[in-house]
Structures are given as structure tokens and as C-alpha cells.
Amino acid sequence: MDADAPLLAVDNLTITLPAGRGRTVDIVENVSFRLDGAEIMGLVGESGSGKSMSALAIMGLIDAPGARIAGSIRFRGRELIGLDRRALRALRGAEIAMIFQDPMTALTPVHTVGWQIDEQLRAHQPLSRAGARARTVELLGEMGVPDPRRAADRYPHQLSGGLRQRAMIAMALSCNPSLLIADEPTTALDVTVQAQILDLLRRLRQDFGSSILLITHDMGVVAETCDRTTVLYSGNVAEHGPTDALFRQPAHPYTAALLDSIPPLRGTRPRRLPSIPGAPPAPSARPPGCPFQPRCAYGHVACETRPSLLPIGAQQVACVLPAEGRALPPRAVLSA
Amino acid sequence: MIGAVLRRLGQTVLVLFGISVLVFLVFFATPGADPTARIAGRNASPETVAAIRHQYGFDRPLPIQYLHLMDRLFITRDLASYVDHGEKVVPEVARAAPVTLSLVGGAAVIWVTVSILIGTIAAAARGSVLDRALMMAGLVGISIPVFWLGEVANLITQSRFHTSWMFSWVPPLGYVPLQDGLWAWASHLIIPWCTLAVLFIGLYGRVLRADLVAASGEDFMRTARAKGLSETRVMLFHGLRTSLITFVSLFGLDFAQLVGGGALLTEVVFGLGGVGRLTYQGLVNLDLPLIMATVMYSAVFVVVANAVVDLFYLLLDPRVRDGR
Amino acid sequence: MTARTRTHGPWAVALRSLSRMPSAIASASVLLLLVILSAGAPFYAAHIAHTDPFESDVAGTITLHGADIPVMQPNNNRLHLGLTPIGPTWVPSADLLGADSQGRDVAARLLYGGRNSLLISSCAALLCIVLAATVGICAGFFGGIVDILLSRMMDIMWAIPVYLFAISLSIVTVSHGLRIGPISIRSDSLLLPICIIALVYVPYAARPIRGRVMSLRQSEFVLAARCLGASRRRILLRDILPNVSTTLIVLAPLVMALALLAESALSFLSIGVQAPAASWGTIIQDGQGLIYTRPWVAIAPGLAIVITVLALNVLGDALRDALDVRETSRRSGA
């Protein structure tokens, strides 16, 4: 393993799915980002922007017949694309773990929560049944599950949504993974439980030193949790940068519009929240130029060619505006 | 808990009572089913008919007749057939039951094993040529009339290829009890087992594959794969384990119906004196005591099987256990 | 989305996707061929085989390769006892598939049997679907006590093995026919097996229909129609029925497959189609006694049943895919 290599480096990831009758469609196009140790990065975008697909590609879980994955995904310098199934399986769950959106449907309904955590532990570590259970109970306790011994013997439907998600996280963390991918971990939860889970994720970095790739559509969650943020739009990276900088001065019109659509906490309330006109293009009908151009207030002739990622300060942006010397101004209101 | 069991028992008795009344009425109220005429024979004199009517109690009110019948069926158990020289029907059913149980039990073992294999393999190889071939074979299995398949099996194993090494072990048609030796019992039943199992292999294999394919799109299957488990383990411990719930409920119904006489075509073709054939004989002769006995036996089985299926449900699905 | 010049209705879309399925085309062609063949039964009997397949012809002869051969041939056993009908000659003019124990041309009887088998199973399927639709739509749409009563009734029918149920009804009616008030059905009428088979499979078809209606009744477009003040009648006719029709169409070939199997079983037990009329089941029954000497008498009609039922099942699967109907139906009976 390469000691200097970043924990996760995704380069020019392109995911192509068959769209029937011999046609194909690129769900994700040339997406690149990297993640260092003990870092939380947000992957933001609306539904259909390709964020979950990218995560599944990292896990090697895209099994749709005819799917093609091009580019490179390196974990500690080791290429994951094309890695044989056995090696990938040893990595999955042990080094890279994932938690999913809906903890009700993501746990097998016919096994107890403890059984499912034991199963993951024993798949990767030479543990006895009793040893695995002891570790499970310990993990559940660390995740803030009250009475973990009894909770382990419960079935998923017998636990509340928050407890289920804690069990899910306990399961994901059971083998001390260095990378945790969290796909919308709070979307299906109540607001109060949401805050607790986010708090738990933040503590994971301190207590376990895990890096987290947090996939969400919620800018508020990103602002609270993430060190850096990557904004996806229609399968392409729109902008990338430290969360503070990105929120203070978004460089991509899409990021700016996303942030504008959050209701401000202070100051006068706008009569009507600004919204982005239109809808994101279907992957099959993506324009050849900038994918955001049809909805962009700044769209012009230069947008007819696909912009590449350009550095601006600490950020990187796929937009021609900064290069043309017309960078967007800093935002007046700081949200949250 | 005890309340639930008692309620269940009450329901069972009520269902059995309903079925017995229904059968009693159908075979007494239907024109041409007058049992007196049957017992008396074709050219009986009016005096004989009247005597028989009185002797068998057909001149009494229907409720009394019904109670009398039930008494002789369940309490004294000396109910006699109207046609078959007054043969006692309860021992007759008791003799037929092990034949049917042997036939259906063996076939069930075959069809459950093979259909789980086929369904799992087809689901794992989803979309491949193997998957399509297996599912097509299943459809063919569903499309074959079982009595015809039995005839063809007899033709092959009893006549055409009986002298070849493959089927020289096949004994003549008929049933040999298990007490006469395991091999004697099994060898008489292997061909009927396979014949009866074909339909259900096709049916269950297809149902299981569809369930497994539907399950493979579930979130928990993705979670299981994300845990780094092997494909086989994901398929068996998460996919198959969840799909087994529907499988078991199907199985309970089919098994009960077959044991309750639904396998009569197979029994007829292979010359097995099981409950299905007995029921059929009773029906053909409009032999009310025999019909009554076999139907009650069958109903008891269906009801018991339903209870067993419910029990399995509890074991297999924790959500049912909590009444959800 | 890009502008499309014409939008296609759901039926047109389904028909187009059906026409692209090789399995649908193949099974529909097989069924059409079977219908044409059995429709041509009288022509085959009169002009190709030159026999009357309903007349016993034990003393007859056939002309094969210029020689006259008796239809019933002496046995090869030591005592030359008894007669065995002639086996398949593979010549259409001379008992193509051989003769049965009464010297009748099996091939011609097979075609005539096909007429009855196909007629009974299609009529039974139609009647069954109509009855089941009535029951299912009533139970699903009106709910409450209607639903409870109808569903319990279906459950009780469902608890009895299908074939035993059909056999009981057949035996009770087969000797004297059926007389209920003004309706009178003769015991040799094809209406008897049609009605009996249709009746026993009503629970099988009614359950998915009821489920579909229940889910439709709770769907948002029905809620919308109700909010707009549409009458129950209008909702039933304009919103529910058109959407249930896909379920009915998918069920039709599957029920017909079951009906064909049930008909053959009843006829095999001599309580379905009555002699001298033939169906595939009765021919198998005729062939049972000849199974070791002249197996083709029983094999041929069995193959015909398998091919027909398989084609119907394949067609049902294709329709299910094309019309995107999710309800799972199942069957039982052995």
C-alpha cells in the first residue's frame, strides 16, 4: 500500500447503463474527487444527479446487467475497478462500509439486529459466536443504544427509526472501516433524531478516526457536518471545495442557486424563495455543453462546450464565469 | 395465548361442523341421490324399499339422521358403507390414509428440494440461458396433465424399458406398507412420487425464482452485499430465508389438499388405494357414509395443516409474531 | 422529454410490445394452428381419412400401400386370443395414428376431441372470468359486509381440493343432468362440464381481481374522481373497469389452461364429455387399456394437451409482461 496516497481517489469515474434497444446512457460522467484520512466530505446533488450511483460504484455494488464502469477508483492507492470479487468482498464491510437511507428496509426483516451485526463481524474476523455477540453489544452501546444487550435480540421492526439507524451504523463500523459511506443517512428520520445521528457521525471521526463520505441533498446537513463538499449536477461535478469557502462564495451558479433556495434564518424573509427554473435534464438528454446551461441565468455562447474543472482559490469549479473574470459575488447572508 | 388457542380450536370445530352439514345436505338434497334406491337395488319392491328406508332411518327427520350419522362416525365409529357389503368406513379410511401420506410425503420432499434448487439457481443466473431454460422446463411441468404423465411413466417403466437396466428394479403397480421393508415401500412409490412432484416443481420453482428476483432488488440485499458477504450467503441467508415465508404458506395449502384427497388422479393411475381413490369410489357409488368419512378426514387435515402453517409463519416471520 | 408526434394508448403499447416478443408470437401461432386443425376435423374425417370416427368399426379394413388390412388384428400371443387395433401407419388416409379398441381412427377422433376440449376450456374460461369479475369487483368495490361474505365463500371453496370439487359436482349431475327451475341441462350436454369447471375456478380468478379493485379504489385518481363529485356508478364504469380489464385479459389464457387440464381430468374419469362425443381426456381414457400395446392412442391426445396448455401459459406470461400486471395467481390440483 502506498502510504502517501489519499484514502480514496476517484478519477474520471464514468458509469454507463444500458437504456434498452442497444442504446446506453452515461449516468455519471468523468466524476473526480478525493478523500483524506479523518475527513468528512459531502457529496451533494438532487435525486438523479448520480451521487448514490458513485457511492455504489466505490462499493462495487453496481450489478445491473450491462453496466460499464470506466475511470479509476483508488483506495489507499489500490485500484478497485476491475478488482476480483473475492478481494473486493474482503474490503467491503471491513475497510469500506456503507450505511443506507432507510434503516427499515435496509435491515433483513427476519433476523435480529444482533444476528446481522454478528454476521458481518464473523465474515471478516475470526470470532466465536459469543465473541462476536460481545463485540456487537459493545458497539451498540457505543452508538448510544440504551440496553444494548436486549436491543441486539430485537428484530428491526421492533426498534424505532433512530435506533435502527444506530444499529445500522454500529454494523457498518463493526470492523473499524477506514472509510464510511453514508447514503442519505438521516433522510428517513425525524428532525430531532436526525440531529442525534449527525452528531454521532461527527464523533466517529474523533473516536474512530474514520473518514466519511456523506451523500445528501440537504445543504443544511452539509454545512453542519462536512469539511469539504462536492456538488454534483446531472452526473457531473459542478463545484468542489472546502465547505466554508463554498458556502461563503459559491463559484458555480448552480451551487449559488441551491444555497439561495434555503430560507434564511435571520433578516427579512423574502416574499418568495428563489427557485431554479426547469428541471435537471435526463441523462440521455444532457446537452453537449455545460449540463446546467439551459437553466442557468448566466448561460451564454461559451457554455456550449463542456467546461472543465478550474481551480479558483481553494475551490474547483466547472464553469467559465471565473475564467471570464465574472466570478459570482460572495453571499450576503450566511446560512445556518 | 391460551385464549388464542381456544379461539382457534372453536373455529376449527365450527368449520368442521359447517363442512359436514354442507356435504350431508348436498348428497341428500340432490335429485337422483336417494340412498334408499341405491341400497335396495334396481327392481326392488315397494315393500323392500320401505323396509330399508325404515331400517336405515331414512324416514326420520334430517337433523336426527345427521346426528345419528355423526354419532356413528365419531363416537361409535361403526358407520357402515351403503353399498360395499356394509363394510365399516372408518377402518377403511384408516387403511387408506398411510398410502396417501406415503405418496404425498415423499413427493413433497422431492418437490421442495428440487424446486428450491431450481428457483435459487435460476434467480442467481437471472437473465441467462440457464435461467430461461429452467423456467421453460417449469412451465412445461405445469402444463402436463398428471394422469397422462402417470400413464406414460407406467408405459416406460412397466413395459417398454422395463427390461433395461434403468427400470428393471421397478416393481408392479400397487402399494407395499413400510413395515414390509423400506426398499419395498420406497421402490413401489418412487415413480408415483416423481410423477406427482413434476407439477409442483414447476410451480414452486417459478414462484421462488420470482420471489428471489424481487427480493434481490430489496435494500436489505444490498446491505448484505455491502457487508462483504459471499453471494451464496447473501442469496441463502437473506434472499431465500425471506422468500421462504411465501413458499411455506403455498406448501401448507397444497400439502393439505393433496393429503386430503387431491392426489386422486395419481392414486388412480398408479393403483394406489389412497384416500383420494376412496373418496372417488364413494362419490361414484354415492356412498354417503364413505363420502362423509373421507370428507371429514380431508377437512380435519386441511384445518390442521392450516394451523401448522400458521405456526411456521410464527417461526419464520418475526413480524407476524408481534401481530403486525 | 423530446416532443413525440403521437401518443399511443396503453392497448397499442401493449400490442406493440407483444408483437416484439417471440414467445407471444409463437404461442399465439400454435393456438391458432390448433383451432384451425380442430375446425377442420369433419373435412379430415370425410375427405382424407374416409372414416366416421364415431362409428364402431371392428370389422373394417383399411387400404395401406395397396393392400387391405383389417383394423383389428389378431394378437401375437400363443393362443391368438383377442384382437388388437392397428398401430400408427403414419399414412393420413389409413389410420394415421392407428385405431382405438373400437376400430375408430384415432387421428380423426383427436381432431374432433380438440374441438370439444378447446370449446369447453375457452367457454369455461370466459364464464369463469365473468363470474370471478362480478364477485371480485363486488367484493373489492363495495367492501364491508359484501366483501366479508364473498371472501369467506371463496375461502371455503378454496379449501376443497379443486379436482375433488369438480368431480363431486360432475358425479351428482352426470347421470340425470341438471334441473334448476326453468333451466334444464341434459346430462350429455357440454354445458355441464363448462359450468362445473367455470365454477370451481372462480375463487382462483376472483382473488387477484378483488385485490386489483381494492388497490384501484384506494388509488389517487379514484380519490380525485370522487372529489370531483363523480357518482359510484361512473367511478366503477370509467375508472375501475378499464383498469381491471388488463387483469382479466392476463387471467383469461391462464384460466383456460387450467380449464383444459380439468376438462381432460374429468373426461379421463368418464364424468366429463360423454360418449360417443370425444375430447382429449376421453381419448386418453380409451387409450388407457391399450397403453402397453398401442401407446399412441393415449400419448397423442396427451401431447395435444401439453402443447395447448403450454402455449396458453406462455401466452399468459407474455400478456402479463406486456400489460405489466403484477398480481400473482397460483394454481393447484393433481
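1. A:R286 is buried, with a relative accessible area of 12%; buried here stands for under 20% relative accessible area, exposed for over 50%, and partly exposed for the range in between, with a 1.4 Å probe and protein chains only. The model is predicted: local features need pLDDT of at least 70, side-chain atom pairs count only at pLDDT 80 or more, and totals for chains, interfaces and linings use all residues. Residues are numbered from 1 along each chain as its sequence is written, chains are lettered from A and ligands numbered from 1 in the order in which they are written, and side-chain values use heavy atoms, with hydrogens and water left out.

2. The position of A:R286 is in the loop of chain A between α11 (253-260) and β11 (310-312). Helices (H or I, at least four residues) and strands (E, at least two) are DSSP runs, numbered from the N terminus. The side chain of A:R286 makes polar contacts with two side chains, that of A:E29 at 2.9 Å and that of A:S234 at 2.9 Å. A polar contact is a pair of N or O atoms within 3.5 Å; within protein, one must be able to donate a hydrogen and the other to accept it, and residues adjacent in sequence count only if both atoms are side-chain atoms.

3. Contact in the wider sense means heavy atoms within 4.5 Å. With neighbours within four places in sequence left aside, the residues in contact with A:R286 are A:D26, A:I27, A:E29, A:S234, A:G235, A:N236, A:P281, A:P291 and A:R306.

4. Turning to the assembly, two pairs of chains touch, and the most contacts are between chains B and C. Chain A and chain C do not touch, and their nearest C-alpha atoms are 8 Å apart.

5. The contact between chains A and B takes 27 residues from chain A and 23 residues from chain B. About 2,300 Å² is buried between the two chains, 56% of it on carbon and sulfur atoms. On the side of chain A, the residues that lose the most area to chain B are A:V110, A:E119 and A:H157, together 26% of what that side buries. Buried area is the accessible area (1.4 Å probe) that two parts lose on being put together, summed over both.

6. Two salt bridges are counted between chain A and chain B. In one salt bridge, the side chain of B:K227 meets that of A:E119 (2.9 Å, N to O). The criterion for a salt bridge is a side-chain nitrogen of Lys or Arg within 4 Å of a carboxyl oxygen of Asp or Glu. Twelve residue pairs, both at pLDDT 80 or more, are in polar contact between chains A and B.

7. Elements giving two or more residues to the side of chain A that touches chain B are α1 (51-59), α2 (85-91), α3 (103-106), α4 (113-124) and α7 (161-173) of chain A. The largest share, six residues, comes from α4(A). By class, this side of chain A has 13 nonpolar, nine polar and five charged residues. Ala, Val, Leu, Ile, Met, Phe, Trp, Tyr, Cys and Pro count as nonpolar, Asp, Glu, Lys and Arg as charged, and the others, Gly among them, as polar.

8. Between chains B and C, 44 residues of chain B are in contact with 39 residues of chain C. The area buried there is about 3,600 Å², of which carbon and sulfur atoms give 72%. One salt bridge is counted, and the side chains of C:D317 and B:R206 meet in a salt bridge (2.3 Å, N to O). Six residue pairs, both at pLDDT 80 or more, are in polar contact between chains B and C.

9. On the side of chain B that touches chain C, α7(B) gives the most, with ten residues. That side of chain B divides into 28 nonpolar, twelve polar and four charged residues.

10. For chain B, the unreviewed UniProt entry annotates residues 97-313 as "domain: ABC transmembrane type-1"; UniProt positions are given in the numbering used here, feature names are shortened, and annotations may be inferred rather than shown by experiment. The span 97-313 of chain B is 81% helix and 0% strand, with its end C-alpha atoms 27 Å apart.

11. Chain C has twelve helices and six strands, and 51% of its 334 residues are buried. According to the unreviewed UniProt entry, "transmembrane region" covers several spans of chain C, including 118-146 and 296-316. Residues 118-146 of chain C are 97% helix, with end C-alpha atoms 35 Å apart, and residues 296-316 are 100% helix, with end C-alpha atoms 30 Å apart.
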